[in-house]
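Here is a quick tour for anyone opening this structure for the first time. Have the 3D view handy and follow along.

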Amino acid sequence: MNNLNQKIDPQQWAPAKVDAGEAEFIAAPSLTFWQDVRSRLWQNRPAMFSLAFIILLVAAAIFGPMISRHTYFDQDLKLSNIPPILQLYEVQNEGQAATYFFLNSGNFKLYETTEDGELKSILRAKRKDLINKRHIYEFGERRIFVDYSTLPARIVDADENAIDAYGTKWNKTYWFGTDSLGRDVLVRQLYGARISLTVAFIATLVNFFIGIFYGGVAGYFGGNVDNIMMRIVEVIATIPLTLYVILMMVVLQSGFISIIVAIGTVFWVDMARIVRGQMLTLKNQDYVDAAKTMGASTWHILTRHLLPNSIGPILVTLTLLIPSAIFIESFMSFIGLGVSVPMASWGTLTSEAVETLRSYPYQLFFPAAAISLTMFAFNFLGDGLRDALDPRLRK
Amino acid sequence: MLAYFAKRIGMMVVTLFLIITLTFFLMHAIPGGPFTSEKMLAPEIEEALNAKYGLNDPLWVQYLNYLKGIITLDLGPSFKYPGIRVNDLILDGLPVTAKTGFLALLCVAALGIPLGILAALNQNKWQDTAVMMLATVGVAIPSYVVATVALYIFALQLNLVPTFGLDDWRGYILPVAALSGFWLSFIARLSRSSLLEVLGQDYIVTAKAKGLHPLSILFKHGLRNALIPIVTVLGPVVANLLTGSFVIEQIFALPGIGRHFVLSISNRDYTTIMGITIFYAAFLMVMILIVDILYMLLDPRIKLADRNK
């Protein structure tokens with residue numbers, strides 16, 4: 001109990017000054033609601049990374065296909081199923097420049113390249129010895145065998161010795177390789193992003209307007225109008241909506257516009273419910289009564305007072321609707337009801353990759369990664385927005 | 001009570017009727033009959049086919065006939081498989097779909113809820129972080145991506161499970177895992193946040209102060225209340241497990257209803273599309289009703305009639 005004996009400076013016993021002005025002093029800068037939201041969102045690392053990712057993705061989807069030297073529909077059947085990473089081999093020929101080539105382990109063909117991985121053309125086999133499972137290639141004097149009697153296939157010389165690889169190079173012509181029809185995967189990826197994102201954004205916007213209108217009218221007018229409108233919503237909510245998107249797609253025939261219509265007209269129920277809930281709580285606020293007293297029209301009150309004040313939950317629902325729209329679109333495309341060829345979306349790209357899964361498993365990587373990362377990003381952003389708009393909800 | 005159920009069942013019938021009507025007219029809004037897309041049929045044959053299936057009758061007669069069929073539980077003939085009725089297709093696929101769906105539902109409940117409890121009891125410790133990370137991954141990655149990647153790794157590369165078919169129990173592992181992934185994560189997140197909220201309540205503090213056993217607090221006071229929001233989402237979970245099975249059955253080549261449905265779409269087999277849609281809708285509505293009854297048993301405070309307000 002040493003500190004009992006401690007001396008306390010008599011100064012500290014002096015009464016504090018009472019200053020009414022100081023008590024009222026606001027130390028922190030006064031922030032508007034949105035400034036507050038912004039700063040909270042800014043501190044949320046995953047949400048900010050997600051936002052940056054989404055912006056980058058949108059930019060890449062818009063400008064990528066413009067810059068690329070390939071187009072999403074150009075086919076080159078001779079250069080199909082080229083991998084993104086090439087294992088180059090070198091053949092020296094007396095008096096001539098060296099030839100570089102790589103072996104496509106999926107179809108046992110050789111392709112000529114430049115030294116640094118620029119693709120030139122497919123090499124023609126001199127002879128195909130199907131019984132011994134080997135292809136014979138000739139480079140001037142030298143003979144080279146592609147032996148696929150044991151998998152993985154290997155390249156051997158005339159004395160059955162495996163040839164060492166010259167080096168591993170990134171495919172300079174097709175950065176992400178090509179698909180089964182010889183189309184550039186990168187450009188189709190970006191084009192797919194364009195389609196998937198466009199479908200998701202427009203469908204979400206359509207849902208947004210229908211939901212706001214429906215929920216706003218129901219919530220604002222209340223009473224019987226509300227009763228009837230919400231009964232209808234209840235009926236719609238019991239219908240499995242994915243089934244209805246599928247039915248709509250069957251009726252409208254698959255295509256870009258129909259998938260937007262199908263997704264856009266079906267998923268507004270949640271939005272309508274949320275807007276209605278907001279309206280019900282907000283419409284009894286004093287400022288609404290004040291506006292009414294001053295003779296504001298219903299439309300004015302709805303658009304100027306009620307909707308701006310319920311924008312928070314609406315925004316969160318909206319951000320979370322986008323990934324589900326992306327998901328539904330890719331789901332539809334995956335079962336063959338999405339955009340029609342040669343258009344591409346992430347769903348069609350995934351299902352195309354699944355068809356060649358056994359021989360070229362890496363083709364699945366890019367569409368699967370793209371869609372998963374985008375879903376992550378939108379989910380994180382939605383969660384971050386919700387936390388930023390209403391910190392009480394933070395768990 | 002009884003009045004409530006009567007009302008609910010009445011609403012179900014109305015909804016089902018709307019669905020049947022909507023589906024019927026949507027399917028008949030498609031230009032061309034079911035046989036026009038075939039290879040050039042002789043006009044007499046097409047005429048005979050149309051007459052056989054009653055397609056020459058005015059639309060409202062066809063509609064009434066269809067309704068009559070549904071009341072007697074007959075969904076009509078399949079247009080693509082001669083001699084097979086839609087009922088047969090559904091009965092053929094039902095065991096497979098029901099089995100995988102039920103296993104997936106079991107997975108969701110038996111793994112998702114304990115994971116959520118584990119996370120909530122260890123809030124902000126590594127268990128919590130691990131569960132939440134897993135749940136975030138599970139919610140973000142679409143089921144068909146999970147399915148194909150799992151198929152590649154476990155079936156093609158490691159040969160641990162068969163790539164298709166349900167000949168032995170190992171065949172069920174991947175389809176069930178892919179089907180339940182999203183909802184397992186969702187339920188884990190939901191039960192975590194719900195349990196956390198309940199554990200913060202005053203009556204839990206009281207129970208602790210009374211010196212009750214921690215397990216008894218968790219099960220009698222915590223979980224019973226925390227389960228309520230979880231039970232509410234079980235209805236939609238069943239719905240989504242069913243629609244999710246379209247793609248999963250396609251990927252793993254399982255002969256279930258979902259596969260028949262997807263096939264009937266690419267075959268443009270309209271009666272099958274209609275029949276399976278209506279079957280699904282009816283099934284789901286019954287499931288939602290069951291969930292509502294469960295809900296009431298779990299929480300006697302909830303008067304069912306008030307829920308719609």
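## Two helices crossing in chain B

Let's start with α5(B) and α7(B), which are oblique to each other. Keep in mind that this is a predicted model. Helix α5 of chain B covers residues 126-140 and helix α7 of chain B covers residues 170-199; their axes come within 8 Å and cross at roughly 140°. As for handedness, α5(B) and α7(B) make a left-handed crossing.

Who touches whom here? On the α5(B) side you'll find B:V131, B:L134, B:A135, B:G138 and B:V139, and they meet a set in α7(B) that includes B:G181, B:F182, B:L184 and B:R189. Sorted by class, the contact has 8 nonpolar, 3 polar and 1 charged residues.

## The rest of chain B

Zooming out, chain B has 11 helices and 0 strands. Its C-alpha trace spans about 85 × 60 × 30 Å along the principal axes.

One helix to pick out is α4 of chain B, residues 86-121. With 36 residues, α4(B) reaches 50 Å from first C-alpha to last, close to the 52 Å expected at 1.5 Å a residue. Where does α4(B) kink? Look at B:L94, shortly before the proline B:P95, for a kink of about 40°.

## A crossing in chain A

Chain A has a helix pair to look at too. Helix α3 of chain A (residues 45-67) packs against helix α4 of chain A (residues 185-221) at an angle of about 120°, and their axes are 8 Å apart. α3(A) and α4(A) are therefore oblique to each other, and α3(A) passes α4(A) in a left-handed crossing.

From α3(A), the residues A:L57, A:V58, A:A60, A:A61, A:G64 and A:P65 take part, meeting A:V187, A:L190, A:Y191, A:A193, A:R194 and A:L197 in α4(A). This contact divides into 10 nonpolar, 1 polar and 1 charged.

## Where the chains meet

How many residues of chain A are in contact with chain B? There are 30 of them, and they touch 34 residues of chain B. On the chain A side, the elements giving two or more residues are α5 (223-238), α6 (241-252), α11 (311-334), α12 (346-355) and α13 (365-389). The residues on that side of chain A come out as 21 nonpolar, 7 polar and 2 charged.

Definitions and conventions: Residues are numbered from 1 along each chain as its sequence is written. Chains are lettered from A and ligands numbered from 1 in the order in which they are written. This is a predicted model: local features need pLDDT of at least 70, side-chain atom pairs count only at pLDDT 80 or more; totals for chains, interfaces and linings use all residues. Helices (H or I, at least four residues) and strands (E, at least two) are DSSP runs, numbered from the N terminus. The expected span of a helix is 1.5 Å times one less than its number of residues. The bend at a residue is the angle between axes fitted to the seven residues ending there and the seven starting there. Two residues are in contact if their C-beta atoms, placed from the backbone, lie within 7 Å. Ala, Val, Leu, Ile, Met, Phe, Trp, Tyr, Cys and Pro count as nonpolar, Asp, Glu, Lys and Arg as charged, and the others, Gly among them, as polar. Axes are lines fitted to C-alpha atoms, for helices over the stretch in contact, and angles run from 0 to 180 degrees between N-to-C directions. Angles under 35 degrees count as roughly parallel, over 145 as roughly antiparallel, 65 to 115 as roughly perpendicular and the rest as oblique. A crossing is left-handed if the near helix is turned anticlockwise from the far one by less than a right angle, and right-handed if clockwise.
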